[in-house]
Amino acid sequence: MRTYPMRIKLNGEWQSVDVTARETLLEVLREKLGAKDVKSGCAKGDCGACAVLLDGKAVNACLTLALQADGKEVVTLKGIGTEVNPHPLQKSFVAHGAIQCGFCTPGMIVTAKALLDRNPRPGREAIRRAISGNLCRCTGYKKIIDAIQNVSPQDDS
Amino acid sequence: MSDIKLVGRLFSGDYKIIGKPMPRHDAWDKAFGKTQYADDFTLPGMLYGKVLRSRYPAAHILSIDTRDAEQLAGVEAVMTAKDVPNNETVTRFGQTHEVGGFEGMYRVLADKKVRFMGEGVALVAAKTRELAEEAIKRIRVEYEPLPGVFDPMEAMKPESFQVGEGESNVVCRYQVRKGDVEKGFAKSDVVIENTYRVPFVDHAYLEPESGVAWVDENGVVTIRVGTQIIEHFRGVAEVLGLSHNKVRVIGAMMGGGFGGKEDITVETYLALLAWKTKKPVKMTYTREESIACHGKRHPYVMTYRTGATKDGKLKALEADLISDAGAYVYLSPWVLLYSTVDATGPYDIPHVKVDAATVLTNNTFTSAFRGFGAPQVCFAYESQMDELAARLNLSPLEIRKKNYLKKDKALATGRVLDHHVAFPETAEKAMAALGEPSKPRSSAEKTGRGIASSMTSYGRLVFLHDTSRSFVGMEMDGSLMVRCGVQDLGAGQASSLAQIAAEVLGVPMEDVSVYIADSALTPLAGTTTATRQLYMSGNATLKAAMEVRKNLLDKAGEMLEAKPDELEIADRKISVTDDPTRTVSTARVVKACASAGIPLHHMAQFNAPSRELLDFKTGQGQVFPDFTFGTHAAEVSVDVETGQVSVLRLISCYDVGQSINRLSVEGQLEGGTVQGMGYGLMEHVILEKGVTLTPSLAEFVIPTAVDTPDVETLILESGDGIGPFGAKGIGEPSLVSAAPAVASAVCDAIGTRICELPLTPERVMKAVKGI
């Protein structure tokens, strides 16, 4: 199958990769660029586990063709914060017990980051709406909402 | 011999780590995206496996032609039933103790006949996922479709279509007999009778079934897989015709399990393909495969008749339970046994008659799902209680309080409850927490509230003689190592063991490393099912840690010139309790032990209390080790113009015995409640003549954040469980009474009872309009 060269800025570093016209951003991130922190839960836009920031906006990577991300910036969970420099959301998810199996966590934190970027002080209902495309089967959502609402203000990025 | 004497409070009660809210030991890795789930793992030269699945729910296979697939470049293996060394195995529900009469035939790949739509017919392994998919398309299977049977009531009839080959569609029957129900009904002033129905439900864990297998340098077939049971290595070995020690299963961190990763998923397929190709192979189910082809929660039809005197005392209960086992037996007999024992709920009833059957059909097979037969009957018996209350002009709380079981009372099976029974307090507290009723927000809205209680077992059936093992060792610097075969499905199974070892040996959590779930390298700890791991492996870890502690305290006693029972161990040091100036670092004591040849590690085995088989004719005997008691309360708002239900409040009140990690306990209660709410209101895998009509998460819907209120948890700690430090299990119990509580609240709002889950807007509208 014919492939096309493309470039994306993944978590701050420009990467070149050859993709087919049919490949999704999710497939390319996980299988060709090694971004295993992006999870695949349904591959058709129902669960939100593969959410990434595409030029700052949260999208489902499984519903985005890889070529749509050509020349753009993609941020995954690992681009939001690391062990050396954890993001306040990561600290808050850990502190509030918002992580159980952890499979929805990458998409949840990415979606929460996009929310806080446009609304630094969201109420619980705004948080519920923002994460309504991210399914979680373990927590019942309460501790996730607690974690997003109570990101410590001095930590706000 | 049982080790139950270990149980109970070991210390004066001032725990440093037990019962505290704290992040789990693995939370940071998950927050940084470092955890390697099954599909995140890759090996060089890895192939991709794929399953060809049956297009019919019932058909004869006339021929399979794999030549086109085999000729495709990049395809390295194509396998059908004839290539599987032992394609038919008998699954036995016993880990260490053989039990007769509960065996079900399990077929790796369909042979001559397919029994459900999506049954595995052939396997391929190819260099890429796309090639594997292409190869699947090139396999030609000639089917002769058969009529099939899709309704368990039909399937029970002697003249019905036969799902299997030569055996009855009725897999098994149980009964419980206590007193004389006809006498009981004669003494009743009110008798309520109704038939209740509950649907197929999918686990919908976010992580689909997945694994990677390879043959290692010693010729051992090694499978790294998301599973609740690494001990399936034995079953896989039998399929391959290998000895048990030639198959190794490594359990990856799971993205949820809920019982759905209890049966074998991809393990056998992967082992066959890796064995044949001698290359690593990965297989990950699509979401559609996960929903349509793997085990579901059992649908039940439950006919209940309950009688009470006019002052609300229960006199008699008669229940007839029929469950749809789907196309293969799997765990259906066991799920049914749980339902049979739980059929009377947490109530003291003098006359009881329960009859139960599970029946094969050509639907997707059904098996374990959080609650394991308890949620189905809870909806039925709690609906009966509400109907009785309404007829007798009693409140739902009043009628329950008149009938709750108490300590020293017996279940209908004769089992005497010998530990604290948290009724009526869980019900009173849950109801009180609802506070003042909410007001409807518009004239189209009606509000209502309801409660439901349950008792749910934790720990496996007592005639299975359950055991678990755990290893605790202290390193030379005083840090701790726990090795235990526990599988972690995301509920914090491994982290609780770290907490227990840290408490007993006086180190902070960050000093503990935990290695889990490797059938070759970690002591086998049994299944992560039946809400048994904290109870079983928690006790094993406690026992092992206590042995190490004893050695440390003996040596420290010599060093501090004190008796061992005058010492305490905390914060990495050992001190004389009454004279804290006399203290020594634990690391120094460790070195002293090492020079003296005193062991610093111990592997302990915990044996659960066990009994012989119950009497299946009367249902009399002990079935479960212990129970967890609790109550849900709910308040809902119903839009009577659309049938839409909004859940305004959800309260969960449970006696957990003793919290090990407060955050984890709250997490279980909150998550279980919301999963139960989904069961009550929206979750329904719809099958029509064996075809799954809801194969994705767009059709099989589960609660999202906007459907879900903040669950309020009320945690009671009686200290009277049989787990470590007096803990009880909470994983499964936390779900059981949530759906009935929500259903009860909906019925209270609209004034009509709906006897079938889920309470979709359509069903609510029909009830409102009296259709």
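This report covers two contacts in a predicted model: one between the domains of chain A, the other between chains A and B.

**Inside chain A**

Chain A is assigned two domains. Domain 1 spans 3–79 and domain 2 spans 81–152. Their C-alpha centres lie 21 Å apart. Where they touch, domain 1 of chain A puts in 17 residues and domain 2 of chain A puts in 14 residues.

On the domain 1 side, three elements of chain A each supply at least two residues: strand S3 (51–54), strand S4 (57–60) and helix H2 (77–80). S3(A) gives the most, with 3 residues. By class, this side of domain 1 of chain A holds 9 nonpolar, 4 polar and 4 charged residues.

**Between the chains**

The contact between chain B and chain A draws 41 residues from chain B and 39 residues from chain A. On the chain B side, helix H1 (27–31) and helix H16 (662–681) each supply at least two residues. H16(B) gives the most to this side, with 9 residues.

The table sets out the classes for the two described sides.

**In brief**

S3(A) leads on the side of domain 1 of chain A that touches domain 2 of chain A. H16(B) leads on the side of chain B that touches chain A.

Methods
Residues numbered from 1 in each chain as written. Chains lettered and ligands numbered in written order. Predicted model: local features only at pLDDT ≥ 70, side-chain atom pairs only at ≥ 80, totals over all residues. Domains from an automatic or database assignment. Contact = placed C-beta atoms within 7 Å. Helix = DSSP H or I, 4+ residues; strand = E, 2+ residues; numbered from the N terminus. Nonpolar A, V, L, I, M, F, W, Y, C, P; charged D, E, K, R; others polar.
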